[in-house]
Amino acid sequence: MARAQGARAQMALAFETTYGTPPPPDQNGSGFTKMPFASTTLGAEQPLQTSELLGYGRDPQAPIKDAVTADGDVVIPIDAEAFGFWLKAAFGAPTTTGADAPYTHEFRSGNWALPSFSVETGMPEVPRFAMYSGCMVDSLNWQMARSGLLTATASIVAQGETIATNTTAGTPTNIALKRFGHFNGAITRNGVNIGNVVSADLTYANNLDRIETIRADGKIDGADPSIAALTGNVVVRFADQTLVQQAINGEACELEFSYTLATGESLTLTAHAVYLPRPRIEISGPQGVQATFDWQAASDPAVGRMCTVTLTNDREVY
């Protein structure tokens with residue numbers, strides 16, 4: 001009997017027309033696209049409620065099934081094409097410009113209506129194919145560093161899980177993988193490169209509100225986005241008072257986190273109005289002094305939104 005291995009696992013994604021209903025494969029193949037991923041905890045669980053009844057001796061009665069919860073994280077590479085699907089799920093459909101390749105896709109924060117999607121994870125050797133419908137991105141997070149593999153974590157809230165022995169995603173469309181790396185990254189403040197940055201962390205959260213109504217199948221009715229948040233931190237070698245003075249003055253700045261490949265593909269997240277807290281400057285030993293700024297972004301009155309993500313690649317539409 002074959003045993004499941006992560007190396008053979010598959011993942012496919014497609015956006016839904018109706019919440020909770022996976023799109024069927026069409027005659028030209030499928031509406032699903034094969035997604036690269038490093039790991040996933042996406043799954044459904046149904047806990048048991050321990051019986052509280054008395055009068056049956058010391059041994060308990062049979063437990064009762066509780067509601068179904070379907071959610072989890074997917075660790076994905078930040079690349080020039082597939083990452084756009086996750087950006088669309090987190091921010092909504094982009095505004096695309098360009099008569100031909102390269103195309104520029106602009107994702108904007110603040111959308112009240114976010115698209116739902118279906119994700120199928122498959123372990124063909126068992127076989128087990130799990131379809132998660134009614135998925136929505138609760139948050140998207142990644143770190144910038146000097147070295148290592150560049151990945152992001154998408155936290156997903158799903159409506160439910162359906163298990164099958166055969167794939168229901170048809171033949172997913174393959175995409176060319178062009179990964180960004182930490183080496184391709186840059187951070188600017190008000191258009192000027194920030195020096196002495198050791199690391200940075202970014203989290204965009206939709207703060208989804210699960211609609212937990214009473215249903216016979218135990219699933220949720222949906223997940224509505226509430227007030228969004230863009231937060232993170234920047235760790236810098238303490239060399240000047242620029243960021244500290246901004247924090248003391250309570251002023252906002254524009255922070256831009258970007259990646260660019262030699263072939264022309266690029267990804268840029270621009271936080272239009274970033275506020276910095278006044279940090280504690282600690283001297284912990286003879287080594288260099290570092291300061292951590294746990295920043296928060298807010299809506300910029302001039303731009304009319306909190307952040308903009310721009311992805312430039314050869315894909316015409318998302």
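Arg128 and Glu161 form a salt bridge, their closest N and O atoms lying 3.5 Å apart; the term denotes a side-chain nitrogen of Lys or Arg within 4 Å of a carboxyl oxygen of Asp or Glu. Arg128 belongs to strand S11 and Glu161 to strand S13 (residues 160–164), so this pair ties together parts that are 33 residues apart in sequence. Strands here are DSSP runs of E with at least two residues, and helices are runs of H or I with at least four, numbered from the N terminus. Both partners are partly exposed, Arg128 at 27% relative accessibility and Glu161 at 25%. On this scale, buried means under 20% relative accessible area, exposed means over 50%, and partly exposed lies in between (1.4 Å probe, protein chains only).

The structure is a predicted model, in which local features need pLDDT of at least 70 and side-chain atom pairs count only at pLDDT 80 or more, while totals for chains, interfaces and linings use all residues. Residues are numbered from 1 along each chain as its sequence is written, and side-chain values use heavy atoms, with hydrogens and water left out.

In total, eight salt bridges are found. One of them joins the side chains of Asp71 and Arg210, at 2.8 Å from N to O. Asp71 sits in strand S7 (residues 69–77) and Arg210 in strand S17 (residues 208–211), so the pair connects parts that are 139 residues apart in sequence. Asp71 is partly exposed at 24%, as is Arg210 at 27%. Another salt bridge links Asp221 to Arg215, with 2.6 Å between the closest N and O atoms. Through shared partners, Arg215, Asp217 and Asp221 are joined into one network.

S10 (residues 117–123) is mostly covered, with six of its seven residues buried. S10 also runs antiparallel to strand S1 (residues 10–15), again joined by six bridges, among them the one between Ala12 and Glu120.

Across the whole protein chain there are two helices and 23 strands. Buried residues make up 42% of its 318 residues. Of the contacts (heavy atoms within 4.5 Å) with a separation of 6 or more, 71% involve residues 24 or more positions apart.

Key:
Two strands pair if DSSP finds at least two bridges between them.
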